[in-house]
Amino acid sequence: MAYPESTDSTSALPRHIAIVMDGNGRWAQQRALPRTAGHRQGAKAVRRVVQACSERGIEALTLFAFSSENWRRPQWEVDVLMKLFAATLRSEIDRLDKANVRLRFIGDQRAFSTALQNYIVKAEQRTVGNTGLALVIAANYGGRWDVVQAAQRAAADVAAGRLQPADLTLESFQRYLCLADLPEPDLFIRTGGEQRISNFLLWQLAYTELYFTERLWPDYDAADLAEACAAFASRQRRFGQTGEQVAGAAHA
Ligand code: IPE
Ligand code: IPE
Ligand code: MG
């Protein structure tokens, strides 16, 4: 892999934004509400941000909804989150389809109930022909899992004689990873003040601009997104080159 094929160093608008939607629990705690109230409010922020991305002409938005580590939470919270996913999917799918959004899920869905798996398949099939924003929901997703599932599929191709081990390169391996068909994320946003990746996209974030904000996810809105995009536009992406090289290429 040479450069991420997504964006040249002078592009002001990120083509692909990836967000760790964090801070739902603290938002609720600050109001003496149960954590679940924060998750419900967080679902509303998803709607706002999807709309804002569509309006800004962002090509792809990947949202971290549930990590492979979130199963460690109390069972009641996991149950509420699963119910909220199903309910949100049901209530939003018409709106998303009308807005020309192409919806997709990444992560190991086998852990979900059959009903939820069916909703997911239906929602993906219904919007597969849409040409607007590509909206990716990472649910039971982990960056390490992603690399391992890619390695498993590559190994299966080698075992079947479809791939020679020597042909496994950075480019060809990448095709087995989630999001292989989308530009790599240009901008990573994490709300809620923590400055960590928490096993979100690991491979794919290699050259992504990282942006952290104290804002709690249930409060996040179009103005916050505009601020993150402005910060992105002010950065110089060098991809290993010198600042002078990048500036020279931009003026050539
Ligand atoms: C993010 O908010 C939502 C999920 C991880 C599902 P949190 O629930 O992690 O909120 P905090 O970090 O406890 O405030
Ligand atoms: C990351 O948030 C996962 C999602 C937003 C879905 P967490 O709140 O689970 O992350 P940690 O545990 O603080 O690292
Ligand atoms: Mg959290």
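Entry 1: I started with Asn199. Is Asn199 buried or exposed? Its relative accessible area is 16%, and the cut-off for buried is under 20%, so Asn199 counts as buried. I kept in mind that this is a predicted model.

Next I asked where Asn199 is found. Asn199 sits in the loop between β5 (187–190) and β6 (209–212). I then listed what Asn199 touches, skipping residues up to four places away in sequence. I found Phe64, Ser68, Glu69, Tyr141, Gly142, Gly143 and Arg144. With Glu69 there is a polar contact, side chain to side chain, at 3.1 Å.

**Entry 2: the cores.** I looked up the largest nonpolar core and noted 42 residues. Those with the most contacts inside it are Ile17, Ile19, Leu61, Leu103, Leu135 and Ile189. Helix α3 (residues 75–98) supplies the largest share of this core, 8 residues. A second, separate core has 16 residues, including Phe64 and Ala134.

I went back to Ile189. Beyond its neighbours within four places in sequence, Ile189 contacts, among others, Ile17, Ile19, Tyr211 and Leu225.

**Entry 3: the ligand.** Which residues are around ligand 1? I noted several, including Met21, Asp22, Gly23, Arg35, His39 and Arg73. Then I checked distances to oxygen atoms of ligand 1. A polar side-chain atom of Arg73 lies 2.8 Å from one. For Arg35, a polar side-chain atom lies at 2.9 Å. Gly23 uses a polar backbone atom, at 3.4 Å. Alone, ligand 1 exposes 380 Å², and the protein buries 86% of that.

Terms used:
Residues numbered from 1 in each chain as written. Chains lettered and ligands numbered in written order. Predicted model: local features only at pLDDT ≥ 70, side-chain atom pairs only at ≥ 80, totals over all residues. Heavy atoms only, no water. Helix = DSSP H or I, 4+ residues; strand = E, 2+ residues; numbered from the N terminus. Buried < 20%, exposed > 50% of the residue type's maximum accessible area, 1.4 Å probe, protein only. Polar contact = N/O pair within 3.5 Å; in protein donor to acceptor, adjacent residues only side chain to side chain. Contact = heavy atoms within 4.5 Å. Core = buried A, V, L, I, M, F, W, Y, C linked by side-chain atoms within 4.5 Å. Near = heavy atom within 4 Å. Areas by Shrake-Rupley, 256 points an atom, 1.4 Å probe, with all protein chains shown as cover.
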